[in-house]
Structure formats: structure tokens, C-alpha cells
Amino acid sequence: MNILINDTKKIFTERFGKEAEWITAAPGRVNLIGEHTDYNDGFVFPMAIERYTVIAAGKSLAAESTVFSVNKSESVNVLIDGSAKPADTVTWSGYVQGTLQNCVENGAKLQPFNAVINSNVPLGGGLSSSASLEVAAATLAEVIAGHRFEPVQKALLCQKAEHEYAKMPCGIMDQFISALGQKGCAMLLDCRSRMPKMIPLDDPAVSVLIVNSNVKHELTGSEYPDRRRQCEKAAKLLGVPFLRDATLPQLESAKPVFDKEPDGGVCYRRAKHVITENDRTVAAAEALAKRDWKTAGRLMYESHASMRDDFEITVSEIDILADIARRLDGVIGSRMTGGGFGGCTVSLIESSKESAITEAINKEYTTATGIKPTIFATTAAQGSCAIK
Ligand code: ADP
Ligand code: MG
């Protein structure tokens, strides 16, 4: 992170001819297990990664406030007087404007500033550059205003900005882990109670490897809403408020009810994924807390199979990555992470074998698909902070 901070400070000084007064940072994240469980009121288990969005800022002598994104090579004016409204079209600066607006509405009094934003979280890569941008912006608002938000409130006002200004109806996971992450810990998050539980993940012998398949399949746009609807229907057929409230035996005995429905078979499989994935997520957190790597790894493989067979959100490239990982010496567990149809896998590996594993995945995946993956290892990183 230090290189990124120094680069960002330097860019600020080049643009504004003075040193930055405030520096904030917030990380991206990876979800270890618990996919499509959030909107079923269930559990997710993310950790912050060693990739950050950094913001360097200083007072502006003009009336306007500006934000410059190094990643987008663009400077945009933002409103700090509480008069901002969501625009019709989503732009990158909307994430910042929405966050600042919600901070102001919740008591942060801002003064005009200039800011440089710089991120090494890949944009749109499924590692939540968007939440890291929002949380870094909210942290900037805190230091400029001298106004501390409760971390949970900070996460929620960032989530609200993403809903309203990016028109993305996301759950609470990304903003929670970026705002509240602790170094050396993953976070078991109950999406119903919004209670985070920190689980130590700090054994130097074990690392987390993220592999980006570098494929994103063109979707018709109905995949996500279809699955939400199928989950809602399944909960209704089971007579529970959310699938979080159902058990596998309950689902088995309701099979005849599902069979009577035209799309009953699909809804049954969707429910089976969510119910078993919830159990796996809680069990994986328990296993990691005990450093029972074998159990955690098995649950990750099972999660992948469930996303492939029951929830049907994997694609061939992602299945290939998971299969390659499974065969390699030193891989403890592996699965797709994120919403699906491409994106990344996350694997638990023996740290001492990282370079051999990376090399093998690189070679075998490229041979099988003709695509080069992007691979990096990370430990569980610190959540948002004000550095200066
Ligand atoms: P993800 O969160 O998985 O990276 P999203 O589509 O949710 O993908 O968010 C990516 C969007 O967030 C970008 O297209 C851009 O609009 C905005 N964004 C994130 N980081 C930055 C940044 N450093 N500079 C400008 N915009 C950013
Ligand atoms: Mg995002």
C-alpha cells in the first residue's frame, strides 16, 4: 500500500503545487464463501485484500471541490453543500458524489477540497473497487469534517450511495468489509442481524490466492433477477420468510410441492444451493477459526459444485480454473467467488507452494482456454483508515 500512497501523494503535489493534508484508504475484498446468500437473509464470509483505493486531498481556495481519478484520467467537480441529486446516467464520480452527499446529510460539514483518487483494485473485476471508492470517500469526509461515523453507519451510507447514485441494488457485504475489516481476520457477516464476527485468518503457512479468469460473459440481464425471483418463490413454497429460515430436510419433504409447479425443479435446485451454502459458510468460519484447513477447503470445493450444478452461475472457464486448482499440490480448497458468469476464483493454499501453484495455473489455464489469467496472493488486510 505504501507505494500506492506515495504515488498518490506525488500526483497530488504535481497537480496542486503543495502537499496533501489528508490521506485515506479503503480496501477491496474477496468473498471466501457464501454466494447468493445475502439477499436470502443469510451469511457471507469476506475478507479485505491488500488492494486499496487511496485518496489524497487538500483544502481548495476556490469555492468548488474537485476529484481527479488517476484510473479514469478525469477531474470532476463535486457538491459539498448537501444539494446533490442522483444523475440519470451513472458515472464514476456518482459513487463519490453520492457518498459525500450522504455524509453531509448525516452531519459531516465539509469545506472545499481538491482530491486525487488512485486505486490498485481492478475496476469492474469483482473485487469491489466500487465499495473501496465509496468507503475511502466517506473516510475522507470524516477527516475533512472532523466528524466520526460509527463504522456500521459509514458502511450503510456508502451502500445507500451505491443504490441511489450507481443504481446498483447491492447487499451490505462489500461496504461492511471495506469499512470494518481487520488485519489478519476474515468477517462472518449475518446479513439479517448485520452483525459482523471477526474470525482470525493469520497463519503465515496459509494464503489466499485470487485468480481472475479474465472472462465476463455477456448476460441477458435477467440472470440475477431470475435467481432472486426463484429464491423468493422457493421460500414461499416452503412457507418461510427467507431461505435462510429453511433446512435441507424441510426442502426434501417439500419436494412434491415443488414438483407441482412449472418451474419447480429449478426453484428446488436454487433453494438447495442457498440452504446448503448458508450451512457451509457458517461451518467454514468455524473451521477457519480452529485452523482446520482441510474442512474449510472441502467446504469451498462443495460450494463450487453447488454453484455449478444447483445455482448454475459458473461458466466453463471458471470450472476449468477450479478443476486445475483441485489437482495441484498445496491447494487446500478452491471455488468461484462473486456473482458468477466469469470473474475470479478464490483458493486457500499452502504459502510455501504459492509460486509453483501460480505457475501451474497460469500455464494450464492458458493452454485450456487461450486466455491469460491474472493471479495474486493476499493476506487478510486492514479495513478503511485515515493515514493523515
Ligand atoms: P467492482 O466493484 O467489482 O470493481 P463495479 O462495477 O461495482 O465493479 O464498480 C466499478 C466502477 O466503480 C467503475 O466502473 C467506476 O465507475 C467506479 N470506480 C471504482 N474505482 C474507481 C476509481 N479509482 N476511479 C474512478 N472510478 C472508480
Ligand atoms: Mg462493485
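Which side chains meet in a salt bridge with an N to O distance of 3.7 Å? Here are some friendly notes, with the reply in point 2.

1. Ground rules. This is a predicted model, in which local features need pLDDT of at least 70 and side-chain atom pairs count only at pLDDT 80 or more, while totals for chains, interfaces and linings use all residues. Residues are numbered from 1 along each chain as its sequence is written, chains are lettered from A and ligands numbered from 1 in the order in which they are written, and side-chain values use heavy atoms, with hydrogens and water left out.

2. A salt bridge within one helix. The pair asked about is Asp226 and Arg229. A salt bridge here is a side-chain nitrogen of Lys or Arg within 4 Å of a carboxyl oxygen of Asp or Glu. Both residues sit in helix α6 (residues 223-238), three residues apart, or about one turn of the helix. Helices are DSSP runs (H or I, at least four residues), strands are E runs of at least two, and both are numbered from the N terminus. Asp226 is partly exposed at 27% relative accessibility, and Arg229 is partly exposed at 41%. For these labels, buried is under 20% relative accessible area, exposed is over 50%, and partly exposed is in between (1.4 Å probe, protein chains only).

3. In total, the structure has 26 salt bridges. One of them joins Glu142 to Lys154, with the closest N and O atoms 3.0 Å apart. Glu142 belongs to helix α3 (residues 129-145) and Lys154 to helix α4 (residues 151-165), so this pair ties together parts that are twelve residues apart in sequence. Glu142 and Lys154 are both buried.

4. Elsewhere, Glu35, Glu277, Arg280 and Arg335 are joined into one network by salt bridges that share partners.

5. Around ligand 1. There are 17 residues around ligand 1, and those that come nearest are Ser69, Gly124, Gly126, Ser129 and Ser130. A residue counts as near if one of its heavy atoms lies within 4 Å. Ser69 places a polar side-chain atom 2.8 Å from a nitrogen atom of the ligand. From Gly124, a backbone N or O atom lies 2.8 Å from a ligand oxygen atom, and for Gly126 the corresponding backbone distance to an oxygen atom is 3.0 Å. On its own, ligand 1 has 560 Å² of accessible area, and the protein covers 82% of it. Those areas come from the Shrake-Rupley method with a 1.4 Å probe.

6. Where the shell comes from. Helix α2 (92-105), strand β6 (113-119) and helix α3 each supply at least two residues of the shell around ligand 1. The largest share, three residues, comes from α3.

7. Cysteines. How many disulfides are there? The count is zero, using a cut-off of 2.5 Å between two cysteine sulfur atoms. Cys103 is in no disulfide, and its nearest cysteine sulfur, in Cys158, is 6.3 Å away. That separation is too far for a bond. Cys103 is buried at 0% relative accessible area, and Cys158 is buried at 0% as well.

Methods
Polar contact = N/O pair within 3.5 Å; in protein donor to acceptor, adjacent residues only side chain to side chain.
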